[in-house]
Amino acid sequence: MNKINLKYSSGNVISKNVHKIGIISLGSHRENHGSALPIDTDSKIAANVALRVATDCGATYLGIFYAATEYSYVQHGHHLKKDDLIYNQIIPQLNNARQMLDLESVIIVNGHGGNNLIIDEIENIEEKTSLHIIFNNSIIENEGPHACTGELSMGKVLGITDTQKLIEHGDFTRNPEVGMVGLKLARENEPIIDREANIIEKEGFKVDEEIGKQMLTNAYNSILDDVKSLL
């Protein structure tokens, strides 16, 4: 069989070496986000930003992990235990990608706060996959209270926010996960959640496309910077 010379410098790439870098999203596919946002909001936001970066720089787009984890006191969706996510999903999927695509590094674009539980496990994941891993948390660091202005605004830009359901969305009895206002256990266990919930109860939320665009741009730039740092 003749060896095929792959054209790594073709197309929209910032370096032929960028193909050694994988970009994969980590969200949550089954988590309540009120009435105006879908249950896979985190996954859709993270996947959209990750794909845009990969499209523009040429990094290898790896799609998304199909599961997520969550703090035990935050009960608003279906999630795996941390170890199940790491050993049954993340490590096997990354090993498969490395072997199939000859990768050296992977950027994990996180769109779900509960996945912060694996940050302390990154070195372990690197050891088990022989990959250099960057955990990019820019979406989470800037989006604010759950299912509120940040996610609603990014969702509006991406076309996943149903603005006709905003009044219903703000019914905290019906949607206790919005701002985590009605999640008593979460508020009791995490002062930051309780503080944010108090603000949402008093001030509410809004949909602002300019805010959404800026947040998506900030996340995009952060991930692209990670790509460049790996080159």
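In what order do the strands of the open sheet run, and with what pairing? A reminder to myself before I answer: this is a predicted model. I find 4 strands in the order 2-1-3-4, and the pairing is parallel. From one strand to the next, I note an average twist of 20°.

Next I checked how strand 1 joins strand 2. I count 3 bridges between them, in the parallel sense, and glycine 22 has threonine 60 of strand 2 as its bridge partner. Helix 1 packs on this sheet and touches strand 1, strand 2 and strand 3 (105-110). The direction of helix 1 makes about 165° with that of strand 1.

Then I turned to serine 28, in the loop between strand 1 (21-26) and helix 1 (41-57). Is serine 28 buried or exposed? It counts as buried, because its relative accessibility is 1%. Its side chain makes a polar contact with the side chain of histidine 79, at 2.9 Å. Beyond its neighbours within four places in sequence, I also see serine 28 in contact with other residues, including Asp40, Asp42 and His112.

Last, I looked at a helix pair. Helix 5 (residues 149-158) packs against helix 9 (residues 209-230) at about 90°, with the axes 7 Å apart. That makes the two helices roughly perpendicular. Met154 and Val157 are among the contact residues of helix 5, and Ile211 and Met215 among those of helix 9. By class, I log 6 nonpolar, 4 polar and 3 charged residues in this contact.

Technical notes:
Residues numbered from 1 in each chain as written. Predicted model: local features only at pLDDT ≥ 70, side-chain atom pairs only at ≥ 80, totals over all residues. Heavy atoms only, no water. Axes fitted to C-alpha atoms, helices over the stretch in contact; angles between N-to-C directions. Parallel < 35°, antiparallel > 145°, perpendicular 65-115°, else oblique. Contact = heavy atoms within 4.5 Å. Nonpolar A, V, L, I, M, F, W, Y, C, P; charged D, E, K, R; others polar. Buried < 20%, exposed > 50% of the residue type's maximum accessible area, 1.4 Å probe, protein only. Polar contact = N/O pair within 3.5 Å; in protein donor to acceptor, adjacent residues only side chain to side chain. Pairing = 2+ DSSP bridges.
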